[in-house]
Amino acid sequence: MTPVAAAKPFTAEEEKVLKSWTAHYPYPIMGLLEALRQVQLWNLCVRPEHEDYVASLFKTTRTRVHELVTFFPMFTQAPTGRKRVGLCHGLSCALAGSDKMAKCLEDKLGVPEGVTTKDGEFSWEEMECLGACDFAPALLVNEDLQGKATEDVVAKVARGGK
Amino acid sequence: MSTKILTQHFNEPKLHELATYRKLGGYKGLEKALKMKPAEIAAEVAKSNLRGLGGAGFPVGGKWSTMPPADKAPERYVVANYDESEPGCFKDRVLGERAPHQIIEGLLIAAHAVSAEWAFIFIRGEYGIPFKILEKAIAEADEAGLTGKVRVRLMRGAGAYICGLDTALLETMEGKKAWPRQPPPFPTVVGLMGQPTVVNNVETLAMLPHIIVNGGDWFAKLGVLPNPEKKLPGSGGTAVYSVSGDVEKPGVYEFAMGAPLRAIIDAAGGVRGGRKVKAVIPGGASTPPLSASELDTPMDFDSLRSVGSFLGAGGVIVLDETRDMSEVAHNIERFLAHESCGQCTPCREGSEWTTRILGRMLEGKGTSGDLPNLQRIGENITGKVICALGDTVGMVTRGFMKKFPDDFKSKVPA
């Protein structure tokens, strides 16, 4: 029986980007976190086959890679929405009513916290302090900060606008 | 009266661009530093009485002086700690967005002062905007030949507050989970990849160009001078405060060390809606609160310690008379429970227990044992764990209970 080659988790172009992280810092292993971050952005999660690939690229163990994936909140093992919405519930945002915004996100996006919409477009989660207490309550839509969240701001995010 | 060093040109809209920064005197500090011997720079910084503005307040000159000599340990690193994640703190975000070159210039001066050829900026993963601004600024500085033989690299975190602690940050940079190391040895001796490494907060680094241009004495005199009689080291220069919570104009405000807390709150427009202050968290969520009667406390490392709190990273959170301090304590403990790295049992378990007990009290299900338990749990964490996060877990609730006992007593049976 001919062994079936396992599906490669990344395209040649993506492999090139991941490999570049092994040469960015004085030691290859220092690029591991940035490479995983890239994987999360492309795939909206980090799957076991990604962990295997990254582990061999950085000449480390799958265990060590998995440890990072489960330790750091930015990595997920199931896909987030293409738009990952973070609601800050740190003290200053809580004082400014972030709990009301949580209800509002659930209503407008139609999913509870941590669940991705059926079309894969959105997921939302409460996040620890986003460092935007001057714009409380703060929302993070992927990498973009949306300060001073109100029902209108949440509605706009849910419609896909900024 | 507000004294400005780092924020003096913040009304300049293009300050983030190299040309504007240089026109306003930028990179003159680096130019001067490159003509000085590393030991001369370190001596000037020691004289300035600059203390670490990321929270610990460790004297910067003292930290650098613990590095082994460059001929004995040629592979050495400088790391800018840009992992600002403490609730109530956002001054580093603003400093990087508005004046990225001020941070880069400081980093390059530090690299020269400790003879390092690699300099890193470790920035939290959620700071997408400052990351892009810094990336562009580093490219500009490289192109203009300002980085010289120093290679400057950015690295992003992935959402863990604990990375703001130097040894946890170094573990993360080495591609490991962010478990703090137990010093000694300190990072200046065994740091990144086992080599001597200086880790300084970005605001601290941004002060360096100004110290080199104007002199250590100038900087020291702006702040609180040492008091040898009381054995107080003093605090040089200024601090940039993040002011948020119940104030009219949340934002960053820079003041000389030793300015009264009241002046900082006034600068932020005072308490929102004309209400009264109930409590103020002076240095970020992990620092114990001050009450309304303590608003004249001078804001510097030694003065805040004398009233049982910390200057921390200058995250001033104002809480007005309508706020319930048990809710505030619950919010902070929940944060700490989420961010506990799990390495030390007292912190990992104690933060969860404290959060659950406070949560239960807020649901009206408090029991007569809750307050003594909160006290006892706190006492069994602080001082019994590796890092400052754990110490904080045991301090926050006890700090609020001590100053605002009624807000807690009202949640348990009499």
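What percentage of the 414 residues in chain B is made up of buried residues? The legends below begin with that chain.

Figure 1. Of the 414 residues in chain B, 60% are buried (under 20% relative accessible area, with exposed meaning over 50% and partly exposed in between; 1.4 Å probe, protein chains only). The secondary structure consists of 17 helices and 11 strands (DSSP runs of H or I with at least four residues, and of E with at least two, numbered from the N terminus). The C-alpha trace extends about 70 × 45 × 45 Å along its principal axes. Contacts (heavy atoms within 4.5 Å) with a separation of 6 or more involve residues 24 or more positions apart in 70% of cases.

**Figure 2. Surface and charges of chain B.** The accessible surface (Shrake-Rupley method, 1.4 Å probe; for residues, only the protein chains shown count as cover) is about 15,700 Å², with 54% belonging to carbon and sulfur atoms. Chain B carries 49 positive and 47 negative charges, whose mean positions lie 1 Å apart. Lys and Arg count as positive and Asp and Glu as negative, leaving out His and the chain ends; each charge is placed at NZ of Lys, CZ of Arg, CG of Asp or CD of Glu.

**Figure 3. The interface between chain B and chain A.** Here 56 residues of chain B are in contact with 35 residues of chain A. About 3,800 Å² is buried between the two chains, 61% of it on carbon and sulfur atoms (accessible area, 1.4 Å probe, that two parts lose on being put together, summed over both). Arg156(B), Ala158(B) and Lys177(B) contribute 17% of the area that chain B buries against chain A, more than any other three residues.

**Figure 4. Architecture of chain A.** Chain A contains 7 helices and 4 strands, in the order α-α-α-α-β-α-α-β-β-β-α from the N terminus. Its C-alpha trace spans about 60 × 40 × 25 Å along the principal axes, and 50% of its 162 residues are buried.

**Figure 5. The surroundings of Val141(A).** Val141(A) belongs to strand E3 (residues 139-141) of chain A and is buried, its relative accessible area being 11%. Beyond its neighbours within four places in sequence, Val141(A) touches Lys83(A), Arg84(A), Gln146(A) and Val157(A). Val141(A) and Lys83(A) are separated by 58 residues in sequence, yet their C-alpha atoms are 6.3 Å apart.

**Notes.** Residues are numbered from 1 along each chain as its sequence is written, while chains are lettered from A and ligands numbered from 1 in the order in which they are written. In this predicted model, local features need pLDDT of at least 70 and side-chain atom pairs pLDDT 80 or more, whereas totals for chains, interfaces and linings use all residues; side-chain values use heavy atoms, without hydrogens and water.
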